[in-house]
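Welcome! Open your viewer, get your selection tool ready, and let us walk through a few stops together.

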Amino acid sequence: MRKTLQIRASRIGCLRFCYQEAAFYSALLLTAMVAGLTGIAHLHAQVPRPNSIQFTNVTTAAGIRFTHFRGNDGIPINREIFGPGVCVADFDGDGFPDIYFVNGRDLYNRGISVRNALYRNNGDGTFTDVTETAGVPGTGYGLGCVWGDYDDDGFPDLYVTQYGRNVLYHNNGNGTFTDVTEKAGVAGLEFGTLFHSGATFFDYDRDGRLDLYVGGYVDIGSGSPRYCNVSGTRTSCPPSAYKGTSDILYHNNGDGTFTNVTKAAKIYEPQGKNLAVGAADYDNDGWPDLFVANDGLNAYLYHNERNGTFDERGVITGMALAARGSVMAAMCISLGDYDNDGWLDLFITDFQKNSDHLWRNDGKGNFDEVSDQAGITVPTREVLSFGGGFFDYDNDGWLDLFIANGHVYPEVEQVSPDVRFKQINSLFHNEGNGKFTETTKSAGSGFQTPYVGRGVAFADFNNDGFTDVLVANNGDPPLLLYNSGGNGNHFLSFKLVGTKSNRDAMGVRVRVLAGGLSQIREVTGGGSYLSQSDLRAHFGLGKATKAETVEVKWPSGVRQVFHDVDADKFYQIQEGSGQMTLQRFARKISKGEPLP
């Protein structure tokens, strides 16, 4: 009987953003009944941890007044329920991560004026909206964003994916930006793609200049359905009702312009339905590979062939489909070495009833899904997950998981009261033995209010040594979760500065040996969902007060090794330099000092 119910639940789990279902809402009612019958089998305990980290919502206290504008006229369509993303970078070089929020637009001629928002970190726990001064309001309906110093002048530039023409803002180094989209040639319209999604900067040919990948979602243009009637309920259409669109790979020419090399690089996919994208070296050959999450299609893994081309290996490596052979509504891409074996593992979020997915890198070019063994299958079954991924929230040296949750159909509650549009986010603690324990309920007040969560970025916003979390919510203010710290664990943080390699150090691999643990971090852009986190490499050290070894491998081939590195400091490492220096902050905040 239990097996029969699990099979039925699995089938019901196919109700996802990426399929047309003849009886979507009636199936949700069946799901509720199945959940009631199998509830005993699906119980999972959340045991409070001693000295547990607490997360507090400090959005208002930090002076952030941004609210995402969905822009819908009646029932929201895919475009309006899709975003937003959020991205983090220290755009002014004062040592404190700043925030860029992406917003929608009024596309129905109602006279509603909204814009994106750039918030400067004041270094005292508060932020100031500097959008107008900086000149980065966005130029269309915004979806995602990424930062990258494409001209290696020391100031991160900003790329915003939009519905229609994308925009590239060049950082002038004086607090202002210039729209250089046309000059750079990166509007993203070459193949007719209008619905742009995740993007990432990365140096795929290791020439020291950041290239740019831009994902394409579905074609919702003229001739496409706006709404679908599902089980008698009018709602937005699932992506399966639409054709896919092409991705784009831009090569950086080194003169402020880019060239579209999508076809030459062998990654042209005219029917792709990209959501998230991440670039990282999964096979440790020193070259960045490209991971693309698709909505209702196989996920892509483009292996870097080291000659300017890529080979798509998603199926043969084992990550294109879920373990049971089903395609995913793959929203999030996150790469991190959760088991500290020296190989980057993979996390992808999925639709409600399908659960999220964790793959272990076997070190032989393959990924094995270990979601069940790791303990994340059951806890993530009853939420619809978007952005998030790996980060070490308690500085114990093991990468944990944060996941932003929120449904895609506001109408779902009209049919089934057991399924919520707004949902609580999820937090999982890495136990260091291949298993994760959900700690959502014991992680503080920041996990008590439901939202329609989308993009997620990780950063230590107040430089106290503990990583904070920023969530972009659809149709609501964002959620800035302050990490209380205070558990006595130590940390190291590294800002990497390239000279021969790209200045942002994307693609750099850092290994830290401390307290008997060997950990790696790779500096990567993009990832999560339509978002980007702080590029500084953060390591939790547990009770260790120094690192025996810090090894840095650069895309240029330069290798640096440092010994006996004191903990609880923010270091800067310049490529080729024999010494570390301390990062400079405009205002120093002592460890554990609370935000206002």
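The tour below goes through this predicted model stop by stop.

**Stop 1: a cis peptide bond.** Select Gly-83 and Pro-84: the peptide bond joining them is cis, with omega at about 10°. Pro-84 sits in the loop that links helix H3 (78–82) to strand S2 (86–89).

**Stop 2: two positive phi angles.** Next, pick Asp-152, in the loop between strand S6 (141–148) and strand S7 (157–163). Asp-152 is not a glycine, yet its phi is positive, about 55°. Now jump to Ser-528, which you will find in the loop between strand S33 (517–522) and strand S34 (537–542). Ser-528 is another non-glycine with a positive phi, about 55°. Is Ser-528 buried or exposed? Ser-528 is buried, with a relative accessible area of 7%, while Asp-152 counts as partly exposed at 29%.

**Stop 3: strand S14.** Select residues 248–252 to show strand S14. How many of the residues of S14 are buried? The count is 5 of the 5, so the strand is largely enclosed by the rest of the structure. Turn the view to look at both faces: Ile-248, Tyr-250 and Asn-252 lie on one side, with Leu-249 and His-251 on the other.

**Stop 4: the partners of S14.** Phe-258 in S15 is the bridge partner of Asn-252.

**Last stop: the hairpin.** Between S14 and S15 there are 5 residues. Select Gly-254 in this hairpin to find a positive phi near 85°.

Terms used. Residues numbered from 1 in each chain as written. Predicted model: local features only at pLDDT ≥ 70, side-chain atom pairs only at ≥ 80, totals over all residues. Heavy atoms only, no water. Helix = DSSP H or I, 4+ residues; strand = E, 2+ residues; numbered from the N terminus. Buried < 20%, exposed > 50% of the residue type's maximum accessible area, 1.4 Å probe, protein only. Pairing = 2+ DSSP bridges.
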